[in-house]
Structure formats: C-alpha cells, structure tokens
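Biologist: Could you take me through this structure and look closely at one buried spot in a strand? I would like to know what surrounds that spot, and then how other parts of the chain are placed.

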Amino acid sequence: MAADDNQRGDLFGRLVCDVFHSLGYENFRLNVNRTGREIDIKGRHRAEQKAVIAECKAMKRPVGGSDLNKFAGASQVEAQGTQAVVAPYFVSLGGFTSSALEQEREAGARMTLLDANAIVGELIRGRVIVSKERALSATGPAVGRLPAGASLSGHPTLIAHEIGWVWAIFFQCHGEETHFTLVHADGHGIADSLAGRVLSGGGGGNTIFAGLKYVSSVTDATSSVNGEVAKDSYLQFLLREFGAITLEGLPADQETGSRVLRLDSLYVPQRFVSTVKSKMSGGDPFDIPEDETPDVLSTRKLLDADRHVAVLAGPGSGKTTLIKMLAVSYADPDRRRKFAGSLPVEDLMPLVIRCRQLGSRTREPIVTTLFSLIEQAERIDLKREFAAAVSQALKSGRVLLLVDGLDEISDAQERLTFTTQLRTFIGTYPTIRVVCTSREAGFRAVAGAVASICRSYKIADLSLSDIEQLCVSWHREIQGHSPASMSAAAESFSAVTANPRVYELAVNPLLLMTLLLVKRWMGEIPTKRTVLYSKAIEVLLMTWNTQGHEPMDPEDALPQLAFAAFSMLTEDKQSASARELRDLFNRAREEMPELLSFSKLSADGFIRRVEERSSLIVQSGSTIERGLTRPLYEFKHLTFQEYLAALACAESWHPGRDYESDPVSVLKPYLENETWTEVIPLASVLSGIKHAKCIVRELIDRIKASNPEDMHMLDEEEGEGLRAHPLYRNLLGCITDGAPIHPDLVRESLETLVDYWDGESSLATHFRGSRILPVLGDLLWERYETGEGLSRHGDLLSQVYSDLYEGGAKLSDLIADLRHSDERRVVGAALGLMAIFYGSSPHIKDGDTSSLKQTLRELVAGAATLQVKFAVTWALCWALPYFNWSKNEVKLLLEVLIRQWRSGEHREMSDFSAWAISILPVEGIRFSRGEIDVDESGLADLVRGILDGSSGAPGRSKQAALRLAYFSEDFFTDDEVLGYIEKVWPREQRAKYRTEPFADIRSAINQPVLFSP
C-alpha cells in the first residue's frame, strides 16, 4: 500500500530484499543496468561463493513463458565472467501460468520461481513476519468487539506499508464480509493511530477495505499511565548512566577524578565521512563498489542522510560518546536543545544495546533484548508495561536504536549472528532510526550483512578547531570560567599542536583527554606513545588519589596485568569472566614466582583493587558460566590492553615464558596479524636496543621475501584504494615510534618502506617533526638524483618538502629557494610547490603570485639538469590553472616543453612535458607559421602520426598532440581538430563519463560543449 507507483515499487523492492536476506543473501543492488537488459536485484551470499539475480513482477496477472525465456537468457549472460555460482530467481506476485510452469519443468528448472505464497513463506521462515496462525491468535481483542455471529472470512492478507509488514484479517457476518483488523508483522495489534496511517496509505488498501469496518486488536488494558512510568524510568536511567563523561581508566588526579564532568559541557560536535555508496544504489555486487566523493557531515546531516547508519572508528575516537550524546539528547528535550540545530527534531524513544554486555544473548531476537532493558533501571515490576511501550514505539517508527560496539562481540560468528538478527529486526520495523558503532577491524566480519541495511560512516579526526574547543571546554569544566583557565587552555592547545608527534595523538579524543590529564599532573606533555601510556598507567596505579586508595606496587601489578592483556589478545578476547580473569592472574603467579610469589592480594582481591584504584580493568556486565551468573571484566580501553601486551613481550611476562625466550620469538606468530599492528611497534620500543633490532630485522626480511604487490591489498572496507599489509604497517610503526636501533638499520628500514611503497599513501607525513625525516629526505634525494624513478621518488620528496611551504612559509622565501644555486634546494622548492598546488593551498593562490609565475617560467626555460627540469615541469603541471598566461608566455613555454617532449632523452621527462602541453590555456591563443621557434613541419608530421594512431604514442602524448594541432592553425583546420577530438575521446565516451576533456578547445572554435568539465 502506497500513494503512488514509485512508493509501491520501493515497497516491493524492500519486500523482495527481505525474502532474499532470509535465504542467506546480502549486499543487494537494485535496478542494475546492463547493455540491452536490466537486472532488478543482485546480491551475494553471506557464506558461500554464490550470487543471486532476480526479475521481479508486481502485477496481478500471472507471468507467461516468454518472460521466463527472456530472463533465462539474461541470467546466462550475467553468469559469464564471474566465479560465483549465479542463482536466478523470478518473483511474481501474480504467480505463473500453467504453461510457464510446465515449460520450466521441461527446461530443467533454469531458475527458481517465487509466487506470492512462496514470498510469504520465506518471510515467515526468515522471521521477518509471524505466521498466519500467530497473527490470527492476536485477534482476540478484535473478536471481542465484533457483532454476535461474526466469524473469520478467508485467509489473512499480507500488506506492505511504510511502517512495515501488516497482516489484514477479515471477518464476516451472515456470509458477507463486514469487518477487518490489522496485526503487525511482530504478532501484536497496532494502535489506532497507526491503523489510520495504514488505511490512509492509498493504493490497494482503498479497494480491499472498501465498505468494511475496522476493529482494533489492541487490548484496552493496563493503563497507559504505567507504560509512561516504565518509559520514564528507563529514560531517567539513561540520563544517569550516559549524562556525564567518566574518567575511569584515565589518569585523573584526585580533584579532577572527584568531579562529575558534564557530557554537554565537554562534547565536541563530531563529523563523519561516508565510506560506501548508498545501500540500494545500482552497481554490480560481484564487484567492490566505488566510493562516492566523501563529504564531511555533521551529526544532523548524518541522521538526515539515512535512517540506519553504522559509525566506524578506531579506539578512543568517540563512538561511545556519540551513543551517549544521542541517548541523553532524546531522553530529555531540554538536553537536546543544548545541541540546537545539530540533531533532527523528532519525538524518539532512545534504546541502547551495549554489545559488550550481551554475552550469550547475541542469538536472542533483538526485540527480546529491548524488552529487557527496563531491568537496567531496576524496575522489573514494569517489564510488561515497558514492553508494550517499546512495541508501540517500534511500530510507529519512534525508536532510536543505539547499538554500541558491534566489534565488542568478540566471537566473529556470534557477531554475525547478532547482525543477522538486527537485519531481520529492521526488516520488521523499517521506519525506526538505528545507529550502530564499531571499530573498523571488528566490522569487517559483518560488513556484508550490515551493508544492505545501514550506510557506513567513519568518525573524522578532530580538527585543529575541535582540539582547541575541547581544550577550552576541559579547562572551563575543571577550573571554571576565568582568565586563568582560558590562559591554561591556550597553553595546552599550543603544547598539543606545536609538536607534530603529539598532534598526531591529539586528533583522537581519548588520547587528547589523556594528554590533558597527564599534563595537569606532570606539568608537561610527553611526546612518545610508550612514555605517554607508561605515565598514564603509573598515575592510575600509584599516584592518583592516594588519600582515597592505597597505591599499588607496579612491580606486582604490571606483570599480572600484562600477562592477562597478552593472554586475552592471543585469544582475540576483549572480555573475560571473573573466573577466567582470576585463573589468568593465578597462572601469572605460578609462571613468574620470582616476581609474584609474595603478592599480598588474592587474585580476586587484585581484581577488585585494580578496578577500584585505576579502572584499568572494569566490570562491564555479566555472563552465564556453568549455569551461574558471573561478572564480566574487560580493559577499559583497548589502547592500554595493547600497551600492556607489548610490555609482556618486552619483559617476558607472558604464558609459556622461559629464560631463553626473547621478544622476537614471542612476536613471530603475530607479525602478520591485523589485530597486533599496534602491539608490535610498541614492543619494539619497549624491548630495548638488544631486541628491537631483531624485531625490525625480522620484519624487513619478511617484507623483502614478499612480492611488492602483496604488501598492499585492496581495502575491501573502503571499496577502493590500498591498505598496507600488517608487515609493512608494523615496520613503519617501529620507525615512527622510535625503536632504539642503529642508524644503519633505520636507513635499511626506510629503504624497504620506500621500495615497497604503494605509490599512493603519504609515507613522509608519518615522520613529521621527528629525527627520521631528514634521514628519509637524504635517502630520497640520493635516489632522485640518479634520474631513475623520478616521479616515484619525487612524489615522496614532495611529501618531505611540502610541510615547509604549506606550513605558512612566505612567498618570497619560496621564490628565493627556487632561484637558489643549490640544486637540491631548487628541487625541494619545486616539489613542495607542486604539492601545494596539488592540494590547492590558499596561501599561495591568494597571494601576489606574479613573481612566482615568472620564476617558474624562467626555470622551465633555463633548468640545467634533468632533476630540476623534471621537478619544475611537474610543479608547472599543477600550477598552470592558477595563473593567467599571455600568448607570448604560452609561446615561450611551448618552445621549451616541445623540445623536452620530442627529445626522448628520458621517458618520464617526455611524459610530463606532454602533460604540461596538454593543459596549456587555449582561449585567444593560436600561432601562425613561423611564430614558434621549433621545426614546425616536423612537428606537424609528428602530431598527425600520433593522432592518426600510427605512432603508438601513450595517452598524454595524444592529448598534447591534439592541443598542438589546435595551436598550429596554419597546419590544421578546425574541422581536422574536431575530428581528432572525436577520435581521441568519442562522443559516446563523453556521454558515458559525462565529461568533456577538450571543452576549452571546442569552446574556442565555437562548438557546443556537451558536459561541463
């Protein structure tokens, strides 16, 4: 039921996707266009190498054999060129003619046929809707309101509506249909207000309910007052639980730790970047989808863009803070007004599922979990009323479901099971809002299942203004509104942003908060991660709140915590029951008697002390173990678990230790493990000089034994781009974190990183502000100076030099460096300039650039070496569009660039010269015979050879040749130029990609431009 054909089509598409989800498929794409055909639905199987394609007909008349034959041919073509087994389905609400069914039997079942009854059956089996019998059992209240003698009439009818799936059940009196009632797909009656929405939905409902009276299937029951009390009790719990920023696990001193830090005072509005295409957009599900241009969205725009979103980020990026903000904002309208304009204005009931607390309930229906949330508010007496309130809110779409930490369901299969339950739940209640959060690594196992229901976003790093705002808010909250607090905030902001190594940490909210807390305690901010984490843990265990809690001996606490952190990480566990944790601490004492034989506390007492004293380990929920409910514990932040696991490797505080073990032998099994890419670099730093070199050597040897293409894999989560192999990331992390190794090994590490660089990522930026950057610069210059791999090594050198000029260097300094006598300095300035224009940095564009343009032109004409020529030509390629060029200036550039292009002395030099020629401005610029100081006749012959296809020239040469043909008006007519444009970039290609590469030339000779560039 819908108001128009478009809405009906959308509803039918959703229905069929729910059917195929129940059959095990996901990642659906609708209306996929192919040459000569269109596929209605495509998808991939969750567990098997199998794909589904479907033709869908929502007509009343049955489908005949000709339609089946047409689809059979399309499915055969679609199956070609894919390794997946393609399962074709033909879905028809009107069923199939008897001759079509007979034809399929004789043809050997070329496809699976689904009629209306089969669709309903699959939805029931997939638990998207309840069975007809269950729906009938819910009509008791309606039956009580019917006239005497009324009885059921016919079979229930399933209705697709924007609120979800609804069973319509009809009644008759004296043989004539007179009444009907509605039952939601979840098996409960719907409120009268929702029934009104269904009946006003238009479409088929105007016919099937014509002349009939509606009777409600909702019990008059228990007063709605108790339902409101139950709802309010839960909302008050959310305000208490989520209304403040807690400092457990962070190095807060006594004064700060005793404060209640208000969420709305410290919250910095988050920004999000979309990671994938819209969940129902066209495309090939067998292919990795292309990303759209990423837009940075506010929370308001995020929620406006999609009703169902998945928010991904690394540890400490603010995922739980987002959940807290949304929960308290919709639990209390007054709190939401403090975020004025940043959230949609809707009356929503927030319901929060914390995945870390689910335990064995991951297999329960989502709605069962939601009904039990009232237990958290200690109001079990209102459980029935709360369930009724939640049920009605779900049906009316007035629920904001907040799922915190999908990745915290540690077992990947259990995580997938829960996500599948969530997919079914959203199919039943499609109009509710859903926000899921997860770490990116943990999301990969369920990405396919989530993709069909949620659009994925990443939390953007804190910007400079975000960091400044948090510094100011923090100091106001701690010190009050005063000039002194504002001065302290400015000092903190300056300290955080002045050092690039510290700034790289500060873009993460958790680490920024840690920096501010440690600075408050120490008076300064440490720059190394190992120092930062060590100091934070030292404060937590020893120096924080000594009056309220006796300090813990680090020689006793650290080995036990490190042993547990390492053991849990090797088992890929983020939580452990009280018994499991106790066993780990007891095992640590057994295996390290020389350290722990005199521990004063029992293992249980140690757990309590650590939680009370530091909150490094916290009770996160409960679990059923051996039939008993036991507390569940976890490290408050994965960051500290990873640091402690690295400490276990370095100090030999791990299971199975012996006096001969060393860190590299312990780490070898995990060097290529995704989940250990933080631990390995930290361990290399903590292991000291003796063992750090062995770890780095092992990484180098393994990388060198690999194929370069294996070091960078397609990022399946992003859909495009490359993701570095764990070996590469571990080696990079060891160097950036400052592993104590010999300079020769540092250089060999850098050489390996350069040799196996993917050609896309920003390698040099990892070393900003460190002692390693000059070493990398020297290495890259030596390679660039050889003339081999100029573009590859020049790209990396540009990263080294770009910071100097992008950071705000004066234009006069840049020009001075370009005119310097030292070749390396000139190359560095040119490559830095290239990087600036590539990034469209405004401080160059908006300045007085006439001197810069003149310097560039002079360098192009007078560069003495290949290295300078190449760097300056590359800079010119990106700078050209930002300057106005006269005809004479273009002439002078052309004369130099043509010679460089034609000389053939260096392939890359020729290629980049062609690139520069291909983007020279054309408006009002053409040259007569003899105007350009080159061999014009020979040039014209070369241009014709390239454009006629006889030279086998690469793409940039063709583009350069076409521009030269336009410039040379005495050698090429306008019609010839247009003909070459059509040959190089045909009209159908322009239409396909909706781009016009030679729009400026077409405009210059008064030809229409199909698509604006």
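Modeller: Happy to! Let me start with one cut-off: a residue counts as buried when its relative accessible area is under 20%, as exposed when that value is over 50%, and as partly exposed in between. Please keep in mind that this is a predicted model.

Now to your spot. Which strand holds C436? The residue lies in β18, which covers residues 433-438. C436 is buried, because its relative accessibility is 1% and the cut-off for buried is under 20%. What does C436 touch, once residues up to four places away in sequence are set aside? Its partners are V309, A310, V311, V403, L406 and L422.

Among contacts between residues at least 6 apart in sequence, 70% join residues at least 24 apart. The chain has 1013 residues, of which 54% count as buried, and its secondary structure comprises 48 helices and 24 strands.

V367 is partly exposed, since its relative accessible area is 21% and the buried class needs a value under 20%. Leaving out neighbours within four places in sequence, V367 is in contact with L394, F425 and Y429. From V367 to L394 there are 27 residues in sequence, and the C-alpha to C-alpha distance is 9.3 Å.

Beyond α15, in the loop between α15 and α16 (383-395), you will find E378. This residue is exposed, because its relative accessible area is 67% and exposed means over 50%. E378 also has a positive phi of about 60 degrees, although it is not a glycine. S652 likewise has a positive phi of about 60 degrees without being a glycine. The loop that holds S652 runs between α29 (638-651) and α30 (663-667). Here, though, the residue counts as buried, with 14% relative accessibility.

Two further buried residues are worth a look. T139 belongs to the loop between α5 (132-137) and α6 (140-143), and its relative accessible area of 5% makes it buried. Apart from residues up to four places away in sequence, T139 touches I169, F171, T181, V183 and S217. Q900, in contrast, is placed in a helix, α42 (residues 887-903). With a relative accessible area of 8%, Q900 is buried as well. Its side chain makes a polar contact with the side chain of T873, at 3.5 Å. Setting aside neighbours within four places in sequence, the contacts of Q900 are V860, K869, T873, M909, S910 and S913.

Next come a few whole helices. Helix α2 (residues 65-79) has 15 residues, and its end C-alpha atoms lie 21 Å apart, close to the 21 Å expected at 1.5 Å a residue. G65, L68, F71, A72, A74, S75 and E78 are the buried residues of α2. They pack against the strands β1 (25-34), β2 (37-45), β3 (50-57), β4 (85-92) and β5 (112-114), and also against helix α3 (98-107).

Helix α26 (residues 578-591) can be read in the same way. Its 14 residues should span 20 Å at 1.5 Å a residue, and the 20 Å between its end C-alpha atoms agrees with this. Buried in α26 are A578, R579, L581, L584, F585, A588 and R589. The elements covering them include α25 (554-570), β20 (575-577), α27 (593-596), α28 (603-613), β21 (617-625) and β22 (628-635).

Last, a pair of helices. How do the axes of α20 (residues 464-479) and α21 (residues 483-498) meet? They come within 8 Å and cross at roughly 140 degrees, and the crossing is right-handed. On the α20 side the contact is made by L464, I467, E468, C471, V472, H475, R476 and Q479, while α21 brings A484, S485, M486, A488, A489, S492, F493, V496 and T497. Sorted by class, the residues in this contact are ten nonpolar, five polar and two charged.

Notes:
Residues are numbered from 1 along each chain as its sequence is written. This is a predicted model: local features need pLDDT of at least 70, side-chain atom pairs count only at pLDDT 80 or more; totals for chains, interfaces and linings use all residues. Side-chain values use heavy atoms; hydrogens and water are left out. Axes are lines fitted to C-alpha atoms, for helices over the stretch in contact, and angles run from 0 to 180 degrees between N-to-C directions. Helices (H or I, at least four residues) and strands (E, at least two) are DSSP runs, numbered from the N terminus. A crossing is left-handed if the near helix is turned anticlockwise from the far one by less than a right angle, and right-handed if clockwise. Contact means heavy atoms within 4.5 Å. Ala, Val, Leu, Ile, Met, Phe, Trp, Tyr, Cys and Pro count as nonpolar, Asp, Glu, Lys and Arg as charged, and the others, Gly among them, as polar. The expected span of a helix is 1.5 Å times one less than its number of residues. Buried means under 20% relative accessible area, exposed over 50%, partly exposed in between (1.4 Å probe, protein chains only). A polar contact is a pair of N or O atoms within 3.5 Å; within protein, one must be able to donate a hydrogen and the other to accept it, and residues adjacent in sequence count only if both atoms are side-chain atoms.
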